[in-house]
Amino acid sequence: MLSVERVIVMPPLLGCAYYPEHWPQERWAVDAALMRQAGLRVVRLAEFAWDRMEPQPGVYDFGWLEQAITTLSAAGLQIVLCTPTATPPPWLTHAHPEICRVTLDGTRVSPGARRQACASVPAYQEAALRITEQIAWHFGEHPAVIGWQIDNEFGVGETTRCYCDYCRQGFQDWLAERYGSLDALNAAWGTQFWGMTYRDWRHIPIPGITNEPQSPSMRLDYRRFSSDNWVRFQRQQIALLRQYAPGRWITHNLMIRHWSLNYWRLAQELDFVSYDNYPHGLSDPCEVALNLDLMWSLKRRSFWVMEQQPGPVNWHPQRPPVPPGQVRVWTHQAIAHGAEAVVYFRFRAGRFGQEQYHTGLLKWDATPDQGYREAQAAAADLARLPDLARPASRVGIVFDYDDLWSIELEPVQRDFRYWDLVLALYRVFWEANVPVDFLPRGCDPSGYDTLIVPAAILIHPGEVDAWREWVARGGRLIVTFRSGVRELSNIATDSPLPGGGLSDLLGVRVQDFCAVPAPGFTEWPEHRPGTQVQSVKGDHTLTYHLWAEALSPITAEPLYRYGDGLLAGQVAITRQRLGAGEAIYVGCWPVNFGELFHRQGWIAQKSSRLEQAQLLGGDGTLWRVTLNHSLQPVEGLAGLEVRYERLS
Ligand code: GAL
């Protein structure tokens, strides 16, 4: 059954980011008219304009913003307003230099860019709350303001973690809250290693420059604390907006390939998440799709693309061109994955500042650029469609920031990256046009046919119970290597691997695990696990890399054995049948996961080289959207083209 929690019943919206503070007031009405001519309906304002709203401490000027909102809304545009806390004004950083973050090596960053502030510093917190209260009080009930974006891209430019004294104290307090007693912390971290038993909370260090690595438990907790610190910062602003802006939604714009913040937690108190879609920061349309699906999954509901790449971008080291038609296809890809609005960044290319080489919908000279024409084309496409929403999927992939961080801290094999593993597994489904949702750890997979669990390294006690019942009812569980290895505090489990009940559910034990050295590595050339696994039926072999585990089936049946190297003959992949379902353990990292999945019949062979998705119309219709990401025609669809078909 296709089902969805519908959010906003209107055709998908298009819009743009606009900076009235960058342009003479006479332009505002002209720009508003051009936006409307492009078919845009929303405009996002003010995320970097703290200096204009509060030119001196406690002196506020919202007149210009009021005027801009009046002009834009008179043209029929709806307003998304932002709290401006990403750019503390010069008077604030001058009066309180301690606001600026400290990097790992102890350097205090300079003001003059953005996101230089640390969320732990009282002077910043107080000033941020004051300006938030002021802007919320002024515009909270303004009829043109439909919703709020908090701040802008927490964490952009590696700014989530700070190493100042306020953070040290904040971390120590966070630890006291998490562990309750020093004895509990010492036990959880195993501080007896290298003589690190703590007898006072204030003695606990934060990450810094050391001659050898610091405790992986302390470092994982510091990642958690730093992420929670921004969640807390965001929560304070949410509380003010809820008070002053009743009935308006609240969101925050999340980023591509971003891992320093636990987005599950950041998303929790928002009405929906927004996402800044810059495909040129990603490898290909599949990775774009993964990010979009993750955004949908964070709240299991539609999201906004709050910034859409409109053409070439300044921050890319090569600034590749964007071919004609691409921006329109990116727009439709976002909608196909559950976006209900796509807001282009930015309306007009900036004539000053750090992003002059970033494209806008208009060029520097205010004439339309390629992106403008494509936004216009996308708006015309959407006008012909009903409101569309994304149905729930039958395949879930677990995605977890703590697992990612634990592996990032100790990859063991230098090239082992959690994100790459998730992407490799996701690609199997994307290529077959099978929609995927992401699920957090501890999830209940009811409603899904297949659950993929990539490298769930940390053990969540009790999690496996729900999985067992679901498998017995007919679910297919596929767990990979490096699962169930460590306790939540990032210390090794003392139960057989995979721990946390997985061994029993999967009917297998991991006897040994090996990193697989990269092909160019020449030392001790005979010390290699091998590169091939053979199906037990003997009908095919698969190549693996990066990681290999030697398995001892207990009740599971072997599906593959290692074919060469030191692991030759050992079991690599197993299946345990349980009730109406099955639980599979994949002990090595196949170079091509798709081959494994196709050979085992876990997924049908892909039927099209085009990306396709189904969407539900608010009028009860069912639609298929087909996207050609290539510049060449594929299966009768022109290069960089989109097709919507009504299926029922
Ligand atoms: C985003 C950011 C925008 C702008 C844009 C440039 O990350 O939110 O303010 O800098 O990148 O592509």
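How many of the nine residues of helix α13 are buried? That was my opening look-up, and I kept in mind throughout that this is a predicted model.

**Entry 1: helix α13**

I found that eight of the nine residues in α13, which spans 401-409, are buried, leaving the helix mostly covered. I listed them as Tyr401, Asp402, Asp403, Leu404, Trp405, Ser406, Ile407 and Leu409.

**Entry 2: aromatic rings**

I searched the whole structure for aromatic pairs and got 40. I then looked at Phe399 and Tyr401: their ring centres are 5.0 Å apart and their planes meet at 90 degrees, so I noted the pair as edge-to-face. Are these two residues buried or exposed? Phe399 has 1% relative accessibility and counts as buried, and Tyr401, at 0%, counts as buried too.

I went on to Phe429 and Phe597, an edge-to-face pair with 5.8 Å between centres and 85 degrees between planes. This pair links distant parts of the chain, since Phe429 sits in helix α14 and Phe597 in helix α17 (residues 593-599), 168 residues apart. Phe429 is buried, with a relative accessible area of 2%, and Phe597 is buried at 1%.

I also traced a cluster held together by ring pairs. Its members are Trp259, Tyr263, Phe399, Tyr401, Trp405, Tyr418, Trp419, Tyr426 and Phe438. Tyr401 and Trp405 took me back to α13, as both are on my list of its buried residues.

**Entry 3: arginines over rings**

I looked for charges sitting over rings and wrote down two cases. The charged end of Arg115 sits over the ring of Trp230, 5.1 Å from the ring centre. Arg482 lies over the face of Trp547, and here the distance to the ring centre is 4.2 Å.

**Entry 4: Asp31**

I turned to Asp31, which is part of helix α1 (residues 25-37). Its relative accessibility is 0%, so I put Asp31 down as buried, the cut-off being under 20%. What does the side chain of Asp31 make a polar contact with? I found the side chain of Arg27, at 2.7 Å. Setting aside neighbours within four places in sequence, I see Asp31 in contact with Tyr18, Phe347 and Leu362.

**Entry 5: strand β19**

Why is strand β19 (residues 571-578) largely enclosed by the rest of the structure? I counted six of its eight residues as buried, and that is the reason.

I then followed its pairing. Strand β18 (residues 557-562) runs antiparallel to β19, and four bridges join them. Here I found Arg561 opposite Val571 of β19. Strand β20 (residues 581-586) also pairs with β19 in the antiparallel sense, over six bridges. One of the residues I checked was Ile573, whose bridge partner in β20 is Val586. β19 and β20 make a hairpin with two residues between them. I looked at the turn as well, and Gly579 there has a positive phi of about 55 degrees.

A reminder to myself for viewing this region: side chains in a regular strand alternate between the two faces of the sheet.

Notes:
Residues are numbered from 1 along each chain as its sequence is written. This is a predicted model: local features need pLDDT of at least 70, side-chain atom pairs count only at pLDDT 80 or more; totals for chains, interfaces and linings use all residues. Side-chain values use heavy atoms; hydrogens and water are left out. Buried means under 20% relative accessible area, exposed over 50%, partly exposed in between (1.4 Å probe, protein chains only). A polar contact is a pair of N or O atoms within 3.5 Å; within protein, one must be able to donate a hydrogen and the other to accept it, and residues adjacent in sequence count only if both atoms are side-chain atoms. Contact means heavy atoms within 4.5 Å. Two strands pair if DSSP finds at least two bridges between them. Rings of Phe, Tyr and Trp (its six-membered ring) pair if their centres lie within 6.5 Å; planes under 30 degrees apart count as stacked, over 60 as edge-to-face and the rest as tilted. A charge sits over a ring if NZ of Lys or CZ of Arg is within 6 Å of the ring centre and within 35 degrees of the ring normal.
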